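Subject: A structure for you, with notes on its contacts

Hi there,

Here is the structure I promised to pass along. Please have it open while you read, as my notes follow below.

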Amino acid sequence: KRIEGFGPRKKERLKNCQTSNSRTEVRIQQSLAAYQKGDLARSKDLLQQELKIDRSNSFALGLLGTIEKALGNTKDAAQLFEESMEIDQNNSDFLHN
């Protein structure tokens, strides 16, 4: 099942996402699972936890931007997308939401 704003390219980016440790990977995977179930609040919370630890996680920033956009917070989403792109320009697929 395809969740709007999270297509095959982003799933592939997640697969290839370089994580600093296993806890980071677990948080990202849990966040993605919550997002795919439509639990945006849980997904957002997990990503915010991750970003408190590692603000340079461009994938987490981009996914949080996708969630903020889905919640109608377009200004916050744009800022997160921009921050993600500053860290890793390969995350440009997040801008196609």
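Contact here means heavy atoms within 4.5 Å. By that rule, and leaving aside residues up to four places away in sequence, Leu47 touches Ile28, Ser31, Ala60, Leu63, Leu64 and Ile67. Please keep in mind that this is a predicted model.

Leu47 also belongs to the largest nonpolar core, which has 12 residues in all. Among the other members are Ile28, Ala60, Leu63, Leu64 and Ile67, each of which is also on the contact list of Leu47. Tyr35, Leu40, Leu51, Phe59, Leu61 and Leu80 complete the set. Which helix gives the largest share of this core? H4 does, with six residues. H2, H3 and H4 each supply at least two residues. As general background, nonpolar side chains tend to be buried together in soluble globular proteins.

Now to the charged pairs. How many salt bridges does the structure hold? There are four, and I will go through some of them here. In general, side chains of opposite charge can pair when their charged atoms come close.

Let me begin with Arg27 and Glu50, whose side chains meet in a salt bridge at 2.8 Å, N to O. Arg27 lies in helix H2 (residues 22-36) and Glu50 in helix H3 (residues 40-53), so this pair ties together parts that are 23 residues apart in sequence. Are these two residues buried or exposed? Buried is anything under 20% relative accessible area. Arg27 therefore counts as buried, at 13% relative accessibility, and Glu50 is buried too, at 0%.

Glu83 and Arg55 form another salt bridge through their side chains, at 2.9 Å, N to O. This pair also links distant parts of the chain, 28 residues apart: Glu83 sits in helix H5 (residues 74-87), and Arg55 in the loop between H3 and helix H4 (58-70). Arg55 is partly exposed, with a relative accessible area of 42%.

Asp45 and Arg42 make a salt bridge as well, with their closest N and O atoms 3.9 Å apart. Both of these residues lie in helix H3, three residues apart, which is about one turn of the helix. Asp45 is partly exposed at 34% relative accessible area, and Arg42 is partly exposed at 38%.

Best wishes

Key: Residues numbered from 1 in each chain as written. Predicted model: local features only at pLDDT ≥ 70, side-chain atom pairs only at ≥ 80, totals over all residues. Heavy atoms only, no water. Helix = DSSP H or I, 4+ residues; strand = E, 2+ residues; numbered from the N terminus. Buried < 20%, exposed > 50% of the residue type's maximum accessible area, 1.4 Å probe, protein only. Core = buried A, V, L, I, M, F, W, Y, C linked by side-chain atoms within 4.5 Å.
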